[in-house]
Amino acid sequence: MIDANVFIGESLYENSLSPENLLEMMRVNGVERAVVRPLKPPDFDFDRANRWIAETQSKYPNLVGFGRVNALLRQAPEQALRAVIDYGLRGIHLHPWEENYPITSEKVDRVVEALEGRVPVYVSAGYPVVSHPLQIQDLASRHPDTTFIATHGGQQDISGMSFDDALIVARENPNVSFDVSGVYRRDFIELLVEQAGEQRIVFGSCTPYMDMAFEITRVRATHLEDEVKDRMFRVNILRILGLSGG
Amino acid sequence: MIIDAHAHADENDIWGWYDPPEKLIALMDEAGIDMAVITSYSDEPGPSAGLENLKRYVAEFPERLIGFPRIDPKFGQKSIEIFEQTIKANPLMKGLKLHPISNLVKPFAPLCVELIRKAGELGVPVFTHCGDKIPALPLQIARAAALCPDTTIICHMGGYFHADDMLRCAQRQPNLVLDTSSTPYPRIVRKAIELLGANRVVFATDSPAGDPVSELEKIRMLNLPPDVEERVLWKNIAELIHLEVGRN
């Protein structure tokens with residue numbers, strides 16, 4: 001099992017998670033590998049945090065590193081490229097909610113353009129104002145050669161009123177994949193698989209914001225075929241990241 | 001005994017949502033849930049047959065289903081009369097469901113407050129959707145709860161974004177009871193029990209959209225003391241709706 005969405009390091013929000021504690025959590029929950037990116041560092045220095053992620057990735061082979069940048073900063077495109085080329089990280093994470101910018105901003109375009117489709121761009125999605133599903137679509141449509149992964153099935157709204165919008169993205173944007181962290185509705189997970197296709201949904205827990213054990217339970221409880229669950233838990237993220245093994 | 005305090009059954013052409021009671025009961029059986037409080041997808045008065053469906057479903061499965069009619073407050077006296085008549089005429093109807101996202105009446109608006117107070121007069125609780133956006137924010141519901149101190153209001157734990165607001169509101173407003181469905185955070189369920197006590201949290205699934213198996217696991221994984229888990233899983237809601245079956 002591979003968890004595609006985990007944050008580690010020191011956190012401004014007092015939910016710090018060390019690699020060692022994450023590895024123990026993974027062992028307890030039967031997770032073999034995790035894709036990790038920095039929590040928001042107290043000093044706001046993502047370049048330093050990205051270097052630390054690279055060191056962590058080297059030290060612990062079952063942790064796959066992503067960089068994170070604040071798209072508002074002028075140096076963000078350069079930092080993103082450095083994270084991938086110099087630090088050897090496998091993707092870039094954008095968190096428009098914690099960094100406070102709309103994902104449709106031209107500043108995000110500059111980061112995505114700098115990467116030239118080398119690696120996937122993981123986006124914290126479904127946040128009010130900044131990353132509604134159709135805002136994700138707007139971004140993804142402008143960059144059809146970049147693979148995006150949207151967290152939370154693209155939406156976060158317990159009324160269910162954003163589901164249709166996320167499903168539009170699932171149907172119309174083949175360059176957008178989704179993780180299902182925090183999606184409490186079984187029917188929505190199943191609809192995402194149906195409409196995006198079983199190759200574009202990955203398991204990601206959004207640890208430590210959400211609960212790894214419970215996120216696994218919810219995916220297992222869906223009425224999807226075991227083969228589809230295996231794709232979600234392992235196969236799809238390996239393919240997206242160009243990794244081998246399990 | 002396990003009672004789900006919030007689930008749905010309806011066959012609604014406008015929404016395109018078809019969840020007959022047989023579907024819900026199959027899911028309850030899969031999870032080991034004995035009874036469920038159900039409501040419709042549509043509001044009454046309205047163009048859909050949600051209330052009639054609800055009456056039929058609880059009559060077909062009286063040992064498994066309890067109804068909360070879903071009423072739109074904006075029709076004023078007519079809404080109150082429909083609600084009162086439904087409760088008085090049908091012993092299997094034991095509460096009121098409000099969904100501010102669909103009826104667009106703020107919980108503290110006078111029309112809504114009158115309806116909530118009527119529930120208190122009739123001795124039944126209100127269940128309201130809560131979380132993520134206007135007009136179903138915890139602080140909006142807490143304002144209604146303050147205006148209706150004689151009515152118990154059960155609501156979600158604030159959805160994705162308003163869990164902490166919800167907990168603070170419930171701490172200062174004793175007629176608020178929280179349900180465990182719809183929150184992706186098991187830690188918030190634990191915190192709610194710690195802050196509010198074991199008597200003010202009720203197990204719910206929001207089934208068949210929410211998954212009963214994993215919603216139940218969300219409670220089990222907290223490893224609560226047996227007496228606390230029992231209160232959450234059925235005793236609290238049984239007491240709130242005066243359910244004799246649950247007292248056995």
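This is a predicted model: local features need pLDDT of at least 70, side-chain atom pairs count only at pLDDT 80 or more; totals for chains, interfaces and linings use all residues.
Me: How many residues of chain A are in contact with chain B?
Reply: 17 residues of chain A are in contact, and they meet 21 residues of chain B.

Me: Which helix of chain A gives the largest share of that side?
Reply: Helix 9 of chain A does, with four residues. Helix 8 (186-196) and helix 9 (212-220) of chain A each supply at least two.

Me: And what classes are the residues on the chain A side?
Reply: Seven are nonpolar, four polar and six charged.

Me: Switching to chain B. Which residues of helix 8 are buried?
Reply: In helix 8 (residues 186-196) of chain B, Val189(B), Ala192(B) and Ile193(B) are buried.

Me: Why do they line one face of the helix?
Reply: Looking down the axis of helix 8 of chain B, the buried residues fall within an arc of 95°, so they line one face.

Me: What do they pack against?
Reply: Parts of chain B, including helix 7 (163-172), strand 9 (176-179) and helix 10 (226-240).

Me: How do helix 7 and helix 8 of chain B cross?
Reply: Their axes come within 10 Å and cross at roughly 15°. That angle is under 35 degrees, so helix 7 of chain B counts as roughly parallel to helix 8 of chain B. The crossing is right-handed.

Me: Which residues meet there?
Reply: From helix 7 of chain B, Ala163(B), Leu167(B), Ala170(B) and Gln171(B); from helix 8 of chain B, Ile188(B), Lys191(B), Ala192(B), Leu195(B) and Leu196(B). By class, this contact has seven nonpolar, one polar and one charged residues.

Me: What follows helix 8 of chain B?
Reply: Gly197(B), with a positive phi near 95°.

Technical notes. Residues are numbered from 1 along each chain as its sequence is written. Chains are lettered from A and ligands numbered from 1 in the order in which they are written. Two residues are in contact if their C-beta atoms, placed from the backbone, lie within 7 Å. Ala, Val, Leu, Ile, Met, Phe, Trp, Tyr, Cys and Pro count as nonpolar, Asp, Glu, Lys and Arg as charged, and the others, Gly among them, as polar. A residue is buried if 20 or more other C-beta atoms lie within 10 Å of its own, exposed if 12 or fewer, and partly exposed in between; C-beta atoms are placed from the backbone. The arc is that of the directions from the helix axis to the C-beta atoms. Axes are lines fitted to C-alpha atoms, for helices over the stretch in contact, and angles run from 0 to 180 degrees between N-to-C directions. Angles under 35 degrees count as roughly parallel, over 145 as roughly antiparallel, 65 to 115 as roughly perpendicular and the rest as oblique. A crossing is left-handed if the near helix is turned anticlockwise from the far one by less than a right angle, and right-handed if clockwise.
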